[in-house]
Amino acid sequence: MREAIREAMLADPRVFLMGEDVGRYGGSYAVSKGLLDQFGPERVRDTPLSELGFVGAGIGAALGGMLPIVEIMTVNFSLLALDQIVNTAAAMRHMSGGQFHVPLVIRMATGAGRQLAAQHSHSLECWYAHVPGLTVLAPATVADARAMLAPALADPDPVVIFEHAQLYNMEEEVGGVAWPPACDLRHAAVRRPGTQLTLIAYGGCLPKAMQAAQQLAAQGVDAEVLDLRVLRPLDTDTIMASVRKTHRVLVVDEGWKSGSLAGEIMARVVEGAFYELDAPPARVCSAEVPIPYAAHMEQAALPQVDAIVDAARRMLGAV
């Protein structure tokens, strides 16, 4: 992520970064570490603790011809800026009859697993994926994290990027990437082909789905893993193509089950491929509680590999 931001700032003087602690401190997750020294305080701007204020400033800068990257420390704090994101940034092009665009990128950490309790750990991606006028991204691989920012900045309308905090320490060799990196912001990606079951995941749940697929393979189950990558617009065609191949679908979503993105995916599958299904669609979601602080309770509240494997085996009638 840091390299993607650095490349974007080198490539275009209109790009700047703003948010809480992004400058002198180097970012809450060290994503912006070193950028202040390289680009200075005009382009790496520490903001007051007012998400409503600095997201609004980012919208104004975008309307004025700049390409701001606004970092919100965690998705929970983004609720303080919902008015700016939903009522202003997402609606501007529509309400102006196409006269105005808001080329704004909003990055925020999401997800649990770090014992930061209920005000720093939720997965609210579904709320933003509900809103027309936004593109919503959830990179789950190092390559996507590196490559998604450039086309997001090139989009004339607002893009929200959710970065699962448990993925920041992932390492992978992605050398030789040209600028701007090529990245598709409209389609899901099949991370593991399979024939008996489709596991659909995104963000922090993708590694768990991949591990579950490996365990299922050891038990003789050939699972396909589909990484959504883009939460709005949802790539329904790729989802349907996978379901028509495997005839079973299990959605893994760190959001709560009630009103979840998993529920939307299941509804689309039933609407578009009901007669292709050999079993009812199923989902593994977080427990319907605020994320607990205690480590063992936090782990119990989140989707885990064993739960994914168990749900898949039940779907296949193995247990």
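A residue counts as partly exposed when its relative accessible area lies between the two cut-offs, under 20% for buried and over 50% for exposed. Lys245 has a relative accessibility of 41%, so Lys245 is partly exposed. The model described here is predicted.

Lys245 takes part in a salt bridge with Glu224, in which the N to O distance is 2.4 Å. The two partners come from distant parts of the chain, 21 residues apart, with Glu224 in strand 9 and Lys245 in helix 11 (residues 236-246). In contrast to the partly exposed Lys245, Glu224 is buried, at a relative accessible area of 2%.

Across the whole structure, the search returned 12 salt bridges. One of them joins Arg191 and Asp227, whose closest N and O atoms lie 2.9 Å apart. This pair also links distant parts of the chain: Arg191 belongs to strand 7 (residues 189-192) and Asp227 to strand 9 (residues 223-227), and 36 residues separate them. Asp227 is buried, with a relative accessible area of 0%, while Arg191 is partly exposed at 29%. Both residues are also members of a salt-bridge network, which links Asp144, Arg191, Asp227 and Arg229.

A salt bridge within a helix is found between the side chains of Arg6 and Glu3, at 2.8 Å from N to O. These residues are 3 positions apart in helix 1 (residues 2-11), and therefore about one helical turn separates them. Glu3 is partly exposed, with a relative accessible area of 34%.

Strand 8 (residues 197-201) contains Thr198. The relative accessible area of Thr198 is 0%, which is under the 20% cut-off, so this residue is buried. Apart from its neighbours within four places in sequence, Thr198 is in contact with Glu224, Leu226, Ser242, Val243, Thr246, Arg248, Val249 and Leu250. Glu224, one of these contacts of Thr198, is the salt-bridge partner of Lys245 described above. With Ser242, the contact includes a polar one between the two side chains, at 2.7 Å.

Thr74 is another buried threonine, with a relative accessibility of 2%. Its place is in a loop, between strand 3 (67-72) and helix 4 (75-78). When neighbours within four places in sequence are set aside, Thr74 is in contact with Ala109, Gln119 and His120.

Nonpolar residues were examined next. In soluble globular proteins, nonpolar side chains tend to be buried together. The largest nonpolar core of this model has 49 residues, and among its members Val55, Leu228 and Ile265 touch the most others. Helix 12 (residues 261-273) is the greatest contributor to this core, supplying 6 residues. For Val55, the contacts beyond four places in sequence are with Val70, Ile72, Ala81, Gln84, Ile85 and Ile106.

Methods:
Residues are numbered from 1 along each chain as its sequence is written. This is a predicted model: local features need pLDDT of at least 70, side-chain atom pairs count only at pLDDT 80 or more; totals for chains, interfaces and linings use all residues. Side-chain values use heavy atoms; hydrogens and water are left out. A salt bridge is a side-chain nitrogen of Lys or Arg within 4 Å of a carboxyl oxygen of Asp or Glu. Helices (H or I, at least four residues) and strands (E, at least two) are DSSP runs, numbered from the N terminus. Buried means under 20% relative accessible area, exposed over 50%, partly exposed in between (1.4 Å probe, protein chains only). Contact means heavy atoms within 4.5 Å. A polar contact is a pair of N or O atoms within 3.5 Å; within protein, one must be able to donate a hydrogen and the other to accept it, and residues adjacent in sequence count only if both atoms are side-chain atoms. A nonpolar core is a set of buried Ala, Val, Leu, Ile, Met, Phe, Trp, Tyr and Cys residues joined through side-chain atoms within 4.5 Å.
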